[in-house]
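Colleague: I would like to learn how to read a model like this one. Can we take it feature by feature?

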Amino acid sequence: GAVSDTLERSSSLTSASHPQDSFIELKQESDEAQRKSEEEISQEIRAQRQRLAVEELLESERNYLRMLQLSAGAIRENLSKLQPPPVNLDSMFEHIPAIIAVTSRLLDSVDQNQLQPGDPDFLQTFCSSFLSLSSDIEAAYKEYLGNYSQVTVLEISYKQKEALWDEIVKVLKSSAPELKASSLSFFLVMPVQRIARYPLLLQTIKKHTDPSHPAYAQLEQTAQTSVALNCRINEYKRIREFREVADKYKKTESLSIKDMINRLNTHSIFKKTARLSQQIKHDTGIVPKLVDEEFDAQEGFFYLLEKCILELLENVETYLSHLQAFLSCKTEEFDLYMDAQRELVCYKEITTALRQWILPTFEKRLRALIHKPLCALRDLLIGPRNLIRKRLDKLLDYELIEAKSNLSYEEQAVANTYKTINTLLLTELPRFNTVSLQLIWRLLGTFSCLHRDLASDMTQLFQIFATQLSHSTMSPSAFWGWAEGAVLKGMRKLQDLCQTVEEALSAPLVMPVNPCWSLRLQTLCQKHPRERIFEATAAVVGSRDLDLTLIKGELVAVVSERDSRGDRRRWLVDAGGKRGYAPASKLRPYQASPAEGPPPPSPLSPRAEPRLEGKKPSLSLDLRPSVVAAYPFTARSRGEVSIRAGEPIRVLAPHDKKGNPEWSLVQTRGGQSGYVPSNYLTMVPQQSYVRPYP
């Protein structure tokens, strides 16, 4: 029509006086008509595509709802009739009814208005319904997708039982023969796919909708909401998986050896052997280790924080124990004579206030504000520490399968577990480290504030009694002079008291000599001068050839005050038969106590009876040493003998059959013989009155 009209006008203009101008106008009108025609065709195509996309959305939503109703209805009912019914069948379909309900509400809101996909108000109605139900859609799909991994594991457990799985397949084919479904995942994966398809369908509709359409802004908002909804669901699923992994591996179990042995099986032994082999390959450099610098930095910082927290907690507990010990010594409860001594009365009142009010309040606040949070923080370290250790185990497992192109289900689960733990630690460990460090700084600041408050309370207390003391009105120089004089006076009294005590204790307390050292002292004195006898001031552990290993208090004789290279820091010593080198810094001259006198005789050697200087019989005190058991010992073999502490012992040989002085052959009072540790024996003076021969 438009083209024919243009041709008629052009024919009428042909006879005009300006044929060239007429042709140009005709050409322009023709182009404009063609452009309008193309725009109309384009709009029609876009509208048609929009209508098809909307129809696809509605039709797929209705089919999806029918599938859900079929799976949660007939299929679930028929599966429950199996004998025996599958384990945990209800948990598999637990969250599908919520999805059915929200999907039905979305379709009902569209069907109630009886609108067709081509109607102008259809998009606006659908978008409004989707936006109003977005929170319900998110809640329903969030729970289903969060439990989908457990549903998959449950289905795999069904497949492992061949007879049960055959029955399940028969139920599926009989319940929906037209679908030809061969597994439960055919139905169970639909919600996972559907929630991810909403953004694609809405973006397609938006692409074919003209921006001037009344519902275009609302359609754009709906598409963005569907994308955000998927992101939140994925984040919830990721956090839930992280939490499940953390809850699984952060537990600490105190298992006995029997329980550990009962847990061993072929699979666990094979897994631990493979990990050990992989670790040895790492240590020897045969196989390179996967390095994650970001994780290694966070791991090192975590262990540093752990050390700081534990040391700080130990210091606080020590501080509290010292404070408790100070409070337990209640000097103000003693009724002392303080008449006419105003200073002592004030001191007693100050001490009473400190111990009954100020310091207990300070201790209570310290426990509540410092000790309790530190204990809680220490307990929180268990989870990350266990996850870090478990990550190392999973890393060794992952390295064994990393190079494989096709992974089995078990291997894929191992890889997923490692990646989940690694991602969890990379995400949460920096946050934990940051929060822990901030908490430590706040605890230190609180600790300073508590001491500032303590100092303020003590200052107020002292100011109350300051006016009642005689030195409160002194000038600073006079006060320090008075304080120095009082301290010197008290120090002189203390020195006089110490001197009096020392004079009263005329004889020093000497511990009984170990019989082995007494016998060695006899042996060494027979070979070396007395001034060459030294004793070890501390334990000596031989670290080089020809070095001796000595225990604290062991006696040796110095043969040479230098070694074969002339080093005066290592002396050549004789340890009663064995010769070797010992550090000179751990040796000192042996100082016999006054009561010890000459080297003690061996308990094995016969003692001559004392000779009398006259024929008149008299009583004398026999101070010969006797051997007794210093500690109880229980025999563990036939060659040993049991002894009780304080039991008199007769030493038959100060060494065993190989000459080892650490064991002595003894005879008990009951006549039983056997070996006992030499350091369980001691010498004591035998104080008994005997009548000498005339």
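Modeller: First, the ground rules. This is a predicted model, where local features need pLDDT of at least 70, side-chain atom pairs count only at pLDDT 80 or more, and totals for chains, interfaces and linings use all residues. Residues are numbered from 1 along each chain as its sequence is written, and side-chain values use heavy atoms, with hydrogens and water left out.

Colleague: What is the mean pLDDT of the chain?

Modeller: pLDDT is the predictor's confidence in each residue, from 0 to 100. Here the chain's mean is 79, and 82% of its residues reach 70 or more. Residues 507-512 fall below 50. Beyond near neighbours in sequence, that stretch has three contacts in the model (contact: heavy atoms within 4.5 Å). Residues 687-694 also stay under 50, with 20 contacts beyond four places in sequence. Where pLDDT is low, the predicted coordinates should not be read in detail.

Colleague: How many salt bridges does the count come to?

Modeller: The general idea is that side chains of opposite charge can pair when their charged atoms come close. The rule is a side-chain nitrogen of Lys or Arg within 4 Å of a carboxyl oxygen of Asp or Glu. The count comes to 23 salt bridges. Take Arg232 and Glu138, whose closest N and O atoms are 3.1 Å apart.

Colleague: Which parts does the pair of Arg232 and Glu138 tie together?

Modeller: Helices are DSSP runs of H or I, at least four residues, numbered from the N terminus. Arg232 sits in helix H11 (residues 216-249) and Glu138 in helix H6 (residues 134-146), so the bridge ties together parts that are 94 residues apart in sequence. Next, accessibility: buried means under 20% relative accessible area, exposed over 50%, partly exposed in between (1.4 Å probe, protein chains only). Arg232 is partly exposed at 39%, while Glu138 is buried at 11%. A network of salt bridges links Glu138, Lys142 and Arg232.

Colleague: Which residue meets Glu220 in a salt bridge?

Modeller: Lys206, at 3.7 Å, N to O. Glu220 belongs to helix H11 and Lys206 to helix H10 (residues 190-207), so this pair ties together parts that are 14 residues apart in sequence. Glu220 is partly exposed, at 28%.

Colleague: How many residues apart are Arg431 and Glu428 in helix H17?

Modeller: Three, in a helix of residues 409-466, so they are separated by about one helical turn. Arg431 is exposed at 53%; Glu428 is partly exposed at 32%.

Colleague: Which residues make the nonpolar surface patch?

Modeller: Patches take residues with over 30% relative accessible area and no salt bridge; like charges are joined within 9 Å, nonpolar side chains (Val, Leu, Ile, Met, Phe, Trp, Tyr) within 5 Å. Accessible areas come from the Shrake-Rupley method with a 1.4 Å probe; for residues, only the protein chains shown count as cover. In this model, Phe301, Leu304, Leu437, Trp441 and Leu444 make a patch of about 470 Å². Helix H14 (293-328) and H17 each supply at least two of its residues. H17 gives the largest share, three residues.

Colleague: Is Leu443 buried or exposed?

Modeller: Buried, at 6%. Leu443 is in helix H17. Leu443 and Ile370 are 73 residues apart in sequence, yet 6.1 Å apart in space, C-alpha to C-alpha.
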